[in-house]
Amino acid sequence: MLPQDPVILLSYVNTKLRDDYPTLDALCDDLETDRAALEATLHAIGYDYDTQQNRFL
């Protein structure tokens, strides 16, 4: 279960991307999470996924 608070979610996802997953797709597949919904949630607080850096900026 992913954190519901968007700011905590941002920190959680970026940590997971840094430490455990080479791509956002890999993270979403493993955690059975809808990538579009995750990106929309983080976009709503001003963050978008950067494929080059493999994190939300």
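**Helix α1 against helix α2**

At roughly what angle do the axes of helix α1 and helix α2 cross? The axes of α1 (residues 6-19) and α2 (residues 24-31) cross at roughly 110° and come within 10 Å. Axes here are lines fitted to C-alpha atoms, for helices over the stretch in contact, with angles from 0 to 180 degrees between N-to-C directions. The two helices are therefore roughly perpendicular to each other. On this scale, angles under 35 degrees are roughly parallel, over 145 roughly antiparallel, 65 to 115 roughly perpendicular, and the rest oblique. Helix α1 supplies Tyr-12, Val-13, Lys-16 and Leu-17 to the contact, and α2 supplies Leu-24, Leu-27 and Leu-31. Contact means heavy atoms within 4.5 Å. By class, the residues are 6 nonpolar, no polar and 1 charged. Ala, Val, Leu, Ile, Met, Phe, Trp, Tyr, Cys and Pro count as nonpolar; Asp, Glu, Lys and Arg count as charged; the others, Gly among them, count as polar.

**Basis of the model**

This is a predicted model: local features need pLDDT of at least 70, side-chain atom pairs count only at pLDDT 80 or more, and totals for chains, interfaces and linings use all residues. Residues are numbered from 1 along each chain as its sequence is written, and side-chain values use heavy atoms, with hydrogens and water left out. Helices (H or I, at least four residues) and strands (E, at least two) are DSSP runs, numbered from the N terminus.

**Helix α2 against helix α3**

Helix α2 also meets α3. Their axes come within 10 Å and cross at roughly 115°. From α2, the contact uses Leu-24, Asp-25, Leu-27 and Cys-28; from α3, it uses Arg-35, Leu-38 and Glu-39. The class count is 4 nonpolar, no polar and 3 charged residues.

**The loop between α2 and α3**

Glu-32 sits in the loop between α2 and α3. Its relative accessibility is 75%, so Glu-32 counts as exposed. The cut-offs are under 20% relative accessible area for buried, over 50% for exposed, and in between for partly exposed (1.4 Å probe, protein chains only). Glu-32 has a positive phi of about 50°, although it is not a glycine. Most residues other than glycine have a negative phi.

Neighbours within four places in sequence aside, Thr-33 is in contact with Leu-2, Cys-28 and Leu-38. Val-7 of helix α1 is 26 residues from Thr-33 in sequence and 17 Å from it in space, C-alpha to C-alpha. Val-7 is exposed, with a relative accessible area of 55%.

Asn-54 is in the loop between β1 (49-50) and β2 (55-56). Is Asn-54 buried or exposed? It is buried, at 12% relative accessible area. Asn-54 is not a glycine, yet has a positive phi of about 55°. Its side chain makes a polar contact of 2.4 Å with that of Tyr-49. A polar contact is a pair of N or O atoms within 3.5 Å; within protein, one must be able to donate a hydrogen and the other to accept it, and residues adjacent in sequence count only if both atoms are side-chain atoms. Leaving aside neighbours within four places in sequence, Asn-54 is in contact with Leu-17, Tyr-21, Pro-22, Thr-23, Leu-24 and Tyr-49.

The model has 1 aromatic pair. Tyr-49 and Phe-56 form this tilted pair, 5.4 Å centre to centre with 55° between the planes. Rings of Phe, Tyr and Trp (its six-membered ring) pair if their centres lie within 6.5 Å; planes under 30 degrees apart are stacked, over 60 edge-to-face, and the rest tilted. Both Tyr-49 and Phe-56 are buried.

His-43 belongs to helix α3 (residues 35-43). It counts as partly exposed, at 48% relative accessibility. The side chains of His-43 and Asp-48 are joined by a polar contact of 2.6 Å. His-43 and Leu-57 are 14 residues apart in sequence and 9.6 Å apart in space, C-alpha to C-alpha.

Leu-57 falls in the segment after β2. At 38% relative accessibility, it is partly exposed. Beyond neighbours within four places in sequence, Leu-57 is in contact with Gly-46, Tyr-47, Asp-48 and Asp-50.
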